[in-house]
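Please look over the sequence and the structure shown here before reading on. The briefing that follows goes through several places in turn, grouped by topic.

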Amino acid sequence: MALPVSLSPNFDEPPVEFAARLAKANGYSSLRTLLNSAQIDGQKLRFGDLNTLNKVANLAGSSLELQAKYSVPKSSVGGRWKLGHAQFTKETRRGSRIRICPCCILNDVEHETGRPFSGAYFRASWQTRAVSNCARHRRPILEMTVPTKRVREFSNEIAANIDLIRSAASDQYTAIDVSADKYLEDRIHGIASNQFLDTFEAHVIVDLASYLGTFILANQAALACSEIKLLPSDPRSTGFLLISQGEKKIRDVMATIIGYLRPANCEAIYSNDFGRWLRRNASLPEFANVVELFQDIGERNLPFGVGDVCIIPTRRRYLHSIKSASKEYGVTVNRISKLLVENGILAEVTRSYKRTYFSVEAANDLILAAHDTTTAVETKKLLDITEGNLAQIIKAGLLPRVEVPVDGRVFTRIKKADIEAFQKRLFADVVFCDIPKGFRPIKVLARRYGVRLEQVLKLIMDRAFEKVIAKPASGRKVTNLYVQAADAKKALRSQIDVNGSVQTNLLTVSATIERLRAKIATVRFLYTHGFLQPIEHHAFGFMKQQVFIKEDDLNKFMSEYVSVSEMARVHGTHAIVVTEELEARGINPAFISPPQVAKFYNRSDVVGVHFVRRTESRYRRPRC
């Protein structure tokens, strides 16, 4: 049977709160009194039992069905609970508090009919603390704590706290962003308003907005230099403003922040409350899309390797830092840095190698090619030759060089495949055995016969020697090659560089010294001062260019000049006697020379001069 005063439930009014308002309108002292008189189970009413809701509707004389969806059921697994069409976490329950918008309540009270405070009704969205603001009045929700010993009935609490409510409604608030609250109210009522957000559970959106907003505000310096503007200042509003604009906007903002930070340790980007929240919920089905989104953002913007933990283990590497690439490819950081700049992958390297990222797809082939090459130091160690030998081998075209810059220092890189091919050609006809008598290392023979090592190697490749052998256990090193000495002399003689002509009337410095009966200092003085004409000639048996004197020039000089030592030898006397006699006669040397250089006189000046033979007592030390 219907009660004297009939009421109609509001579309967003929870059934138990409607029953309390019905009791107030009909003069009952409390909701419990009404339920007892009508023999209605309060627990069933609270949790939305349909038969119980129909009984309350009959009492109210209303044809409108009570909204069972706004009844608050018990928590499910994980503390989740459902309000209307939205699911929330246990942290967002209101507990013993009464949550209201003061302006909404005063508006209800002003327009109510019947008993006082029977028109003020409790909105379904006030049941969750996830809704923190009134979307209609753009002001915070007021929370009032009810003592635990007192039964909480909405109408009675409004009547008891009306002065507090009026005072709160008169407070002035600056306009606040309520877009998150408006969206949550729509979700509770089953209104689809955002295609992207509607794919997530409401509690996921609430937490995501808060954690992501905190992350963004902590890194807002990164956005200050970009075109991205997020005006709200509180974390939840900032985060919701971003996520409400869709996936692309989220990716752009995160990429901007990561690009600004460029952490040396890429795990640091999610080593905060936001990252811990994502990892904590990574295994839950309702978080799958969120985790996948931010995992993909991390993989595409940070140099995570396969298996590295971003939020979950990384499945694909998109970026490398110069440091991580050096470790993975086995190429030095300096080399990678230079390659990236030279090939236009990076404009320049301005940050540390750990904080300089580049695309794996763009640089993979380039670095792999560099990995397949070796440096000059490694090559000469592999072939057991000197740096000079290697330079001559490369210059001769026996071993190609790659990656040579146009200007600057020559940085030699040689493909490992080319080194293998070089060794294969060099050792194609080599016999590995013990070294018999008469065979010498090719480096020794090259020095002996004045040829360069690369000339000997080319002759080996051209099969110019009858037999080339090597020690069995020494590997394919250049120093391990032996050739018979007689065979080498015959083959290498044709390799001597004679500057394009053959000279037969040349005297070596040693021969000139012997002819002049002088020291090397005298010979050097003569050809450096133009008395003798020197010729640089690459003679057989010498690696370097040697100084030679034309025999005709020497004969001409000796016909015009005579040394003191030569006059002393001819007259059987001492050089001092010759010098003193010439000085006494007023005859001067033909040219001034240093003390260590022999003195020469014009032959025409000393013709007819006789010298006293030397005596043992004056010029010889007495015998003991």
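**Salt bridges within helices**

Lys-182 and Asp-186 are joined by a salt bridge, in which the closest N and O atoms are 3.1 Å apart. The model described here is a predicted one, and a search of the whole structure finds 26 salt bridges.

- An α-helix has 3.6 residues a turn, so residues three or four places apart point the same way.
- Asp-252 counts as partly exposed at 33% relative accessibility, while Lys-248, with a relative accessible area of 61%, is exposed.

**Other salt bridges**

- Lys-380 forms a salt bridge with Glu-387, and here the closest N and O atoms are 3.9 Å apart, which still falls within the 4 Å that a salt bridge requires.
- Is Glu-387 buried or exposed? Glu-387 is exposed, since its relative accessible area is 55% and the exposed class begins over 50%, whereas Lys-380 counts as partly exposed at 25% relative accessibility.
- Salt bridges also link Arg-97, Arg-99, Arg-129 and Glu-143 in a network.

**Strands and their partners**

- Glu-143, one of the residues in that network, is found on the uncovered face of strand 6 (residues 142-145) together with Thr-145, while Leu-142 and Met-144 make up the covered face of the strand.
- Strand 6 runs antiparallel to strand 3 (residues 97-100), and four bridges join the two strands.
- Within this pairing, Ile-100 stands opposite Leu-142 of strand 6.
- Strand 14 (residues 481-484) is joined by three bridges to strand 12 (residues 439-441), with the two strands running antiparallel, and Phe-439 stands opposite Gln-484 in strand 14.
- Strand 14 is likewise joined by three bridges to strand 13, again in an antiparallel arrangement, and in this case Ala-470 stands opposite Leu-481.

- How many of the nine residues of helix 22 (residues 453-461) are buried? Eight of them are, and the helix is therefore described as mostly covered.
- The buried residues of helix 22 include Leu-453, Val-456, Leu-457 and Ile-460, and also Glu-454 and Gln-455.
- Arg-463, which follows helix 22, has a positive phi, near 60°.
- Ala-464 lies in the loop between helix 22 and strand 13 (468-470), and at 34% relative accessibility Ala-464 counts as partly exposed.
- When residues up to four places away in sequence are not counted, Ala-464 touches Leu-459 and Ala-491.
- The C-alpha atoms of Ala-464 and Asp-487 are separated by 9.2 Å, although these residues are 23 residues apart along the chain.

**Two packed helices**

- Two packed helices are described by the angle between their axes and the distance between the axes.
- Helix 24 (residues 509-516) packs with helix 25 (residues 520-528) at an angle of about 105°, and their axes are 9 Å apart.
- This angle makes helix 24 roughly perpendicular to helix 25, because angles from 65 to 115 degrees are counted in that class.
- In this contact, Val-509, Thr-512, Ile-513 and Leu-516 of helix 24 meet Ile-520, Val-523 and Leu-526 of helix 25.
- The residues of the contact between helix 24 and helix 25 comprise six nonpolar, one polar and no charged.

**A buried threonine**

- Thr-52 has its place in helix 4 (residues 50-60), and with a relative accessible area of 5% this residue is buried.
- Apart from its neighbours within four places in sequence, Thr-52 is in contact with Ile-40, Asp-41, Lys-44 and Leu-45.

Definitions and conventions: Residues are numbered from 1 along each chain as its sequence is written. This is a predicted model: local features need pLDDT of at least 70, side-chain atom pairs count only at pLDDT 80 or more; totals for chains, interfaces and linings use all residues. Side-chain values use heavy atoms; hydrogens and water are left out. Buried means under 20% relative accessible area, exposed over 50%, partly exposed in between (1.4 Å probe, protein chains only). Two strands pair if DSSP finds at least two bridges between them. A salt bridge is a side-chain nitrogen of Lys or Arg within 4 Å of a carboxyl oxygen of Asp or Glu. Contact means heavy atoms within 4.5 Å. Axes are lines fitted to C-alpha atoms, for helices over the stretch in contact, and angles run from 0 to 180 degrees between N-to-C directions. Angles under 35 degrees count as roughly parallel, over 145 as roughly antiparallel, 65 to 115 as roughly perpendicular and the rest as oblique. Ala, Val, Leu, Ile, Met, Phe, Trp, Tyr, Cys and Pro count as nonpolar, Asp, Glu, Lys and Arg as charged, and the others, Gly among them, as polar.
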